[in-house]
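Reader: I am new to reading protein structures. Could you take me through some features, one by one?

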Amino acid sequence: QTGRDLLFSENNSLPRFGKARRKDEIFVPGTANCNSELSSTENADGNMPMPVLFNTKQQRIFFRMAGERLSPYGPSVHIQRPGPSGHNPIPISESIIGRSNSEESHNLYHFAVDILPCPADSIYNKTKVISVKTAIVIENMSTFSIVYKQSGLNDPSTYCKVGSAKSVNHHWESIFNPLEITIRPTGSAWNWSSAFPLLGTGDLYFGLRLSHQDQEDVFLIIPVSITVSATHILVSFKDPSAEPPYRIQNDCKEISIRFKQVENKKAVEADEEVEVGESLGLETNPESSVMPGTSMNYAW
């Protein structure tokens, strides 16, 4: 259920040089493509590949991505006890053999494995289902389309668009860049948000404060929630009308309040060390004001 063809094996030794697959590796298709190798695994409607039977006496097995370029194996998966794998999410990258950092991307995928017992009243009652899915799912719950990219990548071909009320399976475009993403609504009206990581150990709820390209003091706050389970990491972009991460309220009767985020001392010191006329161009955090008896939504 990953959309990627996988190879399963009882050991994690790779094929000898010049070969893409060992004879004892079990091929499990990710899509129901009509070719000779997959034809026997397609189901009646041709949309999803049928499961592949795998007989082993081992308590642990390994899997990797299939393809012309050798992908390394991920950590072993315990298949004797039902439930999620203890290694979720499982990182597996495309092979970097024969590639250069500048010429081609080196995708990184995170998979989740769940061991499920078959129904007791079926003929497969002694069979366990090894379910492999994409571990990171990104959904857009806002009323507009959102595009995101991996931190440090500026090639538009690597951007991913998520339509309103849609979701996508996430993978990283490069193993050489930080495993963080930055987002903005589609189009060029808004600047990119600050980068944030997706891999964590607990649930998070925060907001991203995006500045407008042309209008000063105009911001868009997009709340983000990250929900971590035993098998998935769900990243949800909320609508700006949703509950903000912070609300600053001025209960004073006659006093207006101005505030700003504390400056990054290292960035400020680095900018001050540069001679006049050669500034690094680091923008100071803008000030905001709250009039008496009013409030405003806020995010860092």
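Author: Let us begin with a definition. Under 20% relative accessible area a residue is buried, over 50% it is exposed, and in between it is partly exposed. Keep in mind that this is a predicted model.

Reader: Is Asp24 buried, exposed or partly exposed?

Author: Asp24 has a relative accessible area of 42%, so it is partly exposed.

Reader: Which residue forms a salt bridge with Asp24?

Author: First, the idea. A salt bridge needs a side-chain nitrogen of Lys or Arg within 4 Å of a carboxyl oxygen of Asp or Glu. Here Asp24 pairs with Arg22, and their closest N and O atoms are 2.9 Å apart. Arg22 is buried, because its relative accessibility is 13%.

Reader: How many salt bridges are found in the whole structure?

Author: The search finds four. Another one joins Glu25 to Arg22, with the closest N and O atoms 3.9 Å apart. Both Glu25 and Arg22 are buried.

Reader: Which residue meets Glu25 in a salt bridge at 2.9 Å, N to O?

Author: That is Arg64, through its side chain. Glu25 sits in the loop between strand E1 (6–9) and strand E2 (26–28), while Arg64 belongs to strand E3 (residues 60–65), so this pair ties together parts 39 residues apart in sequence. Glu25 counts as buried because its relative accessible area is 1%. Arg64 is buried too, because its value is 0%.

Reader: Which residues are linked in a network of salt bridges?

Author: Arg22, Asp24, Glu25 and Arg64 are linked in that way.

Reader: Now cysteines. How many disulfides does a search of the whole structure find?

Author: The general idea comes first. A disulfide is a covalent bond between the sulfur atoms of two cysteines. In this model, the search finds zero disulfides. Cys118 is at 17% relative accessibility, so it counts as buried. Cys160 is at 24%, so it counts as partly exposed.

Reader: Let us go to the surface. Which residues form a nonpolar patch there?

Author: Leu53, Ile123 and Tyr124 form it. Together they have about 390 Å² of accessible area. Take Ile123 as a case. Ile123 lies in the loop between strand E7 (108–117) and strand E8 (128–134). Its relative accessible area is 75%, so Ile123 is exposed.

Reader: Where does His110 lie?

Author: His110 is in strand E7. At 6% relative accessibility, His110 counts as buried.

Reader: Which side chain makes a polar contact with the side chain of His110?

Author: The side chain of Trp172 does, at 3.3 Å. His110 also has contacts beyond its neighbours within four places in sequence, including Pro89, Ile90, Lys133, Ala135 and Leu199.

Reader: One last residue. Is Val162 buried or exposed?

Author: Val162 has 0% relative accessibility, so it counts as buried. Its place is in strand E11 (residues 160–162). Now list what Val162 touches, not counting residues up to four places away in sequence. Among them are Ile138, Asn140, Ile146, Tyr148 and Val168.

Reader: How many residues apart in sequence are Val162 and Thr186?

Author: They are 24 residues apart in sequence. In space, the C-alpha atoms of Val162 and Thr186 are 9.2 Å apart.

Notes
Residues are numbered from 1 along each chain as its sequence is written. This is a predicted model: local features need pLDDT of at least 70, side-chain atom pairs count only at pLDDT 80 or more; totals for chains, interfaces and linings use all residues. Side-chain values use heavy atoms; hydrogens and water are left out. A disulfide is a pair of cysteine sulfur atoms within 2.5 Å. Buried means under 20% relative accessible area, exposed over 50%, partly exposed in between (1.4 Å probe, protein chains only). Patches are made of residues with over 30% relative accessible area and no salt bridge: like charges are joined within 9 Å, nonpolar side chains (Val, Leu, Ile, Met, Phe, Trp, Tyr) within 5 Å. Accessible areas come from the Shrake-Rupley method with a 1.4 Å probe; for residues, only the protein chains shown count as cover. Helices (H or I, at least four residues) and strands (E, at least two) are DSSP runs, numbered from the N terminus. Contact means heavy atoms within 4.5 Å. A polar contact is a pair of N or O atoms within 3.5 Å; within protein, one must be able to donate a hydrogen and the other to accept it, and residues adjacent in sequence count only if both atoms are side-chain atoms.
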